[in-house]
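Please consult the sequence and the model while reading.

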Amino acid sequence: MRGLKNKIAVITGGLGDLGYATGVRMAEEGCRVVLLDIHSDSDNRAATIGAYFWPVDISNEQAAQFACAAVEKEVGPAHILINTAARFVFKGVEATAEDWREVNSVNIGGTSLMAKYIVPQMKKNGGGSIINFSSVSGFVGQLNFATYNATKFAIRGLTKCWAQDLAPFNIRVNTLCPGYIYTKAFVDSCVKLDLDIEAENERASAMHLLNRQGKPEEVAAAAAFLASDDASFITGSDLVVDGGYLAK
Ligand SMILES: NC(=O)c1ccc[n+]([C@@H]2O[C@H](COP(=O)([O-])OP(=O)(O)OC[C@H]3O[C@@H](n4cnc5c(N)ncnc54)[C@H](O)[C@@H]3O)[C@@H](O)[C@H]2O)c1
């Protein structure tokens, strides 16, 4: 991908399946990668790919501000922000005020706070690229998914607004919308719910035209593209990486 060498890329949810895969790809592209996550990096996964790591709860404004300041001070002003951090709260009409607070405060609030404190750094650089992770769940209704899907729809909305606000500063803002991706989180949830992993994988695969779940590296490749100069005329868009899920 063009224009990624030596760029500073900040990835929230950087220890998650998709955030880490994106970190690996951005490092391969020559970026200086910063992973942020609420969990501590006890296995030194950031160091394995030559990335920086700071633990931060992005839903806490002071903590988000502090982490972004640390990025600028220790690494330099960021060029790329990739917001993958999310809470997975799946509730229907029975959702409580606490459920809404939990899911909104990270998926919408945390994403917004990170942009608030990274955008001034991008302005110093004369431009940048923000990639907000939405989902196919940001396009359609799904059974008992109201809390999660509402945030994924909202991320598409705020992305289009920021694209307008930030275009004068040469900052592009897009969403990346994966279909079902075969991740550790998928396997763990099957184990937790005592479901047969192979049967669940077949069920999820059948929802996609390509009859399989995606791979984290396929999402990471799309994130690298959106961050790069190869996507220089793309802003305010949704890049759907879903093996044909939404086309059905
Ligand atoms: N995995 C899929 O099939 C899939 C499909 C569509 C969209 N997505 C989207 O991709 C993104 C990443 O998903 P994933 O599968 O890698 O999930 P994941 O659970 O593996 O990763 C999410 C990461 O976010 C971190 N996080 C949560 N709250 C945080 C907070 N307050 N501050 C900082 N970090 C926090 C978690 O610790 C975790 O490491 C999410 O936005 C999700 O909605 C995933």
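Predicted model: local features only at pLDDT ≥ 70, side-chain atom pairs only at ≥ 80, totals over all residues.

Two strands are said to pair if DSSP finds at least two bridges between them. On that basis, Ile130 has Val173 in E6 as its bridge partner.

**Ligand surroundings**

- The shell around the ligand holds 27 residues, of which Leu18, Asp37, Asp57, Tyr148 and Lys152 come nearest.
- By class, 14 residues of this shell are nonpolar, eight are polar and five are charged.
- Two helices, H1 (17-28) and H5 (146-166), each contribute at least two residues to the shell.
- A polar backbone atom of Leu18 lies 2.8 Å from an oxygen atom of the ligand.
- The protein buries 89% of the 820 Å² that the ligand exposes when taken alone.

**Strand E2 and its partners**

- Strand E2 (residues 32-37) has five of its six residues buried, and it is therefore largely enclosed by the rest of the structure.
- Strand E1 (residues 8-12) pairs with E2 in the parallel sense, over five bridges.
- Within this pairing, Ile11 has Leu35 of E2 as its bridge partner.
- The unit made by E1, H1 and E2 is a right-handed β-α-β unit; H1 is also one of the helices that supply residues to the ligand shell.
- E2 is joined to strand E3 (residues 52-55) by four bridges, and the two run parallel.
- Opposite Val34 stands Tyr52 in E3.

- All six residues of strand E5 (residues 128-133) are buried, so E5 is largely enclosed by the rest of the structure.
- Gly128, Ile130 and Asn132 point one way from E5, while Ser129, Ile131 and Phe133 point the other way; residues of both sets are buried.
- Strand E4 (residues 80-83) pairs with E5 in the parallel sense through four bridges, and Asn83 stands opposite Asn132 in E5.
- From E4 the chain passes through helix H4 (residues 97-125) to E5, in a right-handed β-α-β crossover.
- E5 and strand E6 (residues 171-178) run parallel and are joined by six bridges.
- A right-handed β-α-β unit is formed by E5, H5 and E6; H5, like H1, supplies at least two residues of the ligand shell.

**Positive phi at exposed positions**

- Asn6, in the segment before E1, has a phi near 70°, a positive value in a residue other than glycine.
- Which accessibility class does Asn6 fall into, buried or exposed? Asn6 counts as exposed because its relative accessibility is 53%, the cut-off for that class being over 50%.
- Asp194 is placed in the loop between helix H6 (184-192) and helix H7 (197-205).
- The phi of Asp194 is near 60°, again a positive value in a residue other than glycine.
- With a relative accessibility of 72%, Asp194 likewise counts as exposed.

Technical notes
Residues numbered from 1 in each chain as written. Heavy atoms only, no water. Near = heavy atom within 4 Å. Polar contact = N/O pair within 3.5 Å; in protein donor to acceptor, adjacent residues only side chain to side chain. Areas by Shrake-Rupley, 256 points an atom, 1.4 Å probe, with all protein chains shown as cover. Nonpolar A, V, L, I, M, F, W, Y, C, P; charged D, E, K, R; others polar. Buried < 20%, exposed > 50% of the residue type's maximum accessible area, 1.4 Å probe, protein only. Right-handed = clockwise from strand over helix to strand, strands pointing away.
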